[in-house]
Amino acid sequence: MTKQFRGKGFVSALTVAGVLLLSGLVSSPGASAATGDGSASDANILYVGRWDRTNASVARSYWSGAYFRVHFTGTSVQLRLAGAANLYVSIDGGGEAYYPGATGTVNLTPTPLAAGVHTLRVASRSETDVIQFQGLVLSSGATTLVPAARSKRIEFVGDSITAGCCALTRGALNDYAWLVGEALNADHTQIAYSGICLQDGVACFSPNNIGMSQQYFKLQTVQYPSSPAWDFSRYAADAVVINLGTNDNNWGVSDAAFQSTYITFLQNIRARYPNALLFVLRTFGGFKVAPTLAAVNARIAAGDTKLSYVDTTGWVTPGTADFSDDLHPSDSGHAKIARLLAPFLAKTARWEVPFSDDFNDGNANGWAVYGGSWAVSGNQLAVAAHPGAKALASGVLFSNGTLDADITLGAAGNAGLMFRASRLDTGVDAYQGYFAGFDQGQVFLGRADHNWVTVASVPTLLAPQVAHHVRVVAVGSNLKVYVDDMATPKLNVTDTTYTSGGVGVRTYQADARFDNVAARAFSRFESSLRGYFVRHQGGRGRIDTWLLPAEDAEWRVVPGLANASALSLESVAFPGHFLRHANGELWLHPNDGSALFKADATWWRRPGQANASLTSFESFNFPGNYLRHRNGLLYSEPLATDLDRSDATFRE
């Protein structure tokens, strides 16, 4: 059995105690916390973002999209605020309720809730909204509970585009940064301000001439010129995503000054987050591209091995519905960006690790459940009939790949696999993502966003109390569902709604058992140049930072076509097409079945020629020739110099 995740035991998502506080992901209070009473210092409340916690009676948020999460019992909840702010509130994972200018005591449950445990999230709408949170008013005898842990934290740094400004329906909550964080089941912060430049000393469109190169390191926004420094020991980001340069371009900051400032900015962020992965985005409008890339390359040359440039060319197009004006992406534009950025971050950060669980150890450690009575029995994960019982493999991310399980269904209801899932809570359809399931009469695929939409279904007779093998193969928008027959999919559909998220199992009004749950991502190979991956484009093998579509840089590593002890690289985007050499060049060609093709498309996996902990690929039929890059293209050549050996070394 392989369990590769950050599991904390088989626990209810509603009864985790202290997990997140131990993980180092939360802002610790400035005073001793009262636990369970809903006060601002209640240790069960998770504050995400830059909050001032020095006053135990009032917690103040700064920057766009700051939020807190908490669970609570009882049938009602009210919010006490010391000042006005525009807020979005979600209870039990439901839709975002908007409270403009909320202040005083705000009743969030004019219609009482059902008795039980509930979830609450309160978020600020923009960078000018300061939540002055004094506490919750709960039902008599009710208490708060610590919310379920999220294993990652992502910090987004930018200007109005990252802050969620300008015609977005829900402000920060419709911004690409928020959407990516939610898609990756990560907590997220948006350190961004409308109109700000990276360069200090230039007014740009913000209230003063303080640049993000200075203000990023402060608790408060540029509205507070005397802001105290932010205490970076409060939490550690796993990844920092930076999108700056649009305003610098429009205010005439020179490329030389911008590049120099960016280099120092990246160096200073690295000093605060020595272990974080840093991602620098090409601005969506194509501004300051050359100095941005030069700054990234300078830092990589200086030894920063955890820094990547993200080429966003073609992700969104100015002058189309992707933009609400000349500079700012629209709601749909931000959604397009998020669909591309989320899997890029997860794969580049190597957060998509193989996962499998056969439950032969007699436990379900690492699974978080959302409703239902779950137990491991007979080396299987079993659940009694329940309206929407869900179990999520904690910390497992999945975008493109294969998800498998053996599922035994009782006499009623349905069961199946969740994938690309996020925002899970208790409730029938309380999640965002896909569900591939079956009952005795059909196989179906649908998606949920706290309601249900059937994407496709097909009549199929499936016997109860028999283990059926279910497989999902997700490649971008193409989703295939197999049941028992692994050669021909029952369903083969296109849907673009979700691109990344977690994996799990789910039932509806069914007794069910699950076994041999396994998720496998496709492989990506990064070259000796950070952020440049092996891909095909127009049939030619190359390395590139431009990964659109993402599937062109993903590979199935299969037994070698000419020798099963070696390997071949099959395109994910074009099944049956393999990376092969022809006259020393690497091309993607369909397998024609010939002995020559099979030999040309077969490689020996070798220790990295420049780093033995990495990988090199030696030609099967031309011993001594290695797959290497040169001037951005891929070749099969002998290696003579240190540069040759470096160019023939890849990280999987």
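How many residues of domain 2 are in contact with domain 4, and with how many residues of domain 4? In this predicted model, 14 residues of domain 2 are in contact with 8 residues of domain 4. The domain assignment of the protein chain places domain 1 at 46-145, domain 2 at 152-349, domain 3 at 355-521 and domain 4 at 525-650. Between the C-alpha centres of domain 2 and domain 4 the distance is 33 Å. About 1,000 Å² is buried between domain 2 and domain 4, and carbon and sulfur atoms give 57% of this area. The rule finds 1 salt bridge across the interface of these two domains.

Lys347 takes part in two of the computed pairs. With Glu554, Lys347 forms a salt bridge in which the closest N and O atoms are 2.7 Å apart. Lys347 also forms a salt bridge with Glu352, where the closest N and O atoms are 2.9 Å apart. Lys347 counts as buried because its relative accessibility is 11%, and Glu352 counts as buried because its relative accessibility is 11%.

Lys347 is one of the buried residues of helix α8, which also include Gly333, His334, Ile337 and Phe344. Helix α8 covers residues 331-348; its 18 residues should span 26 Å at 1.5 Å a residue, and the end C-alpha atoms are 26 Å apart, so the two values agree. Just after α8, Arg350 has a positive phi of about 60°.

The count of salt bridges by this rule comes to 29. In one of them, Asp429 pairs with Arg506, the closest N and O atoms being 3.2 Å apart. Asp429 lies in the loop between β20 and β21 and Arg506 in strand β27, so this pair ties together parts that are 77 residues apart in sequence. Asp429 counts as buried because its relative accessibility is 17%; Arg506, at 4%, likewise counts as buried.

A further salt bridge joins Asp552 and Arg535, with the closest N and O atoms 3.3 Å apart. Because Asp552 lies in the loop between β30 and β31 and Arg535 in strand β29, the pair ties together parts that are 17 residues apart in sequence. Asp552 and Arg535 are both buried. Elsewhere, salt bridges that share partners join Arg69, Glu96, Arg121, Arg150, Glu182, Asp187 and Arg423 into one network.

Strands β33 (residues 577-582) and β34 (residues 585-590) pair in the antiparallel sense over 6 bridges. Phe578 has His589 in β34 as its bridge partner. The two strands form a hairpin with 2 residues between them, and Asn583 in the turn has a positive phi of about 55°.

Note on methods:
Residues are numbered from 1 along each chain as its sequence is written. This is a predicted model: local features need pLDDT of at least 70, side-chain atom pairs count only at pLDDT 80 or more; totals for chains, interfaces and linings use all residues. Side-chain values use heavy atoms; hydrogens and water are left out. Two strands pair if DSSP finds at least two bridges between them. Helices (H or I, at least four residues) and strands (E, at least two) are DSSP runs, numbered from the N terminus. The expected span of a helix is 1.5 Å times one less than its number of residues. Buried means under 20% relative accessible area, exposed over 50%, partly exposed in between (1.4 Å probe, protein chains only). Domain bounds come from an automatic or database domain assignment. Contact means heavy atoms within 4.5 Å. Buried area is the accessible area (1.4 Å probe) that two parts lose on being put together, summed over both. A salt bridge is a side-chain nitrogen of Lys or Arg within 4 Å of a carboxyl oxygen of Asp or Glu.
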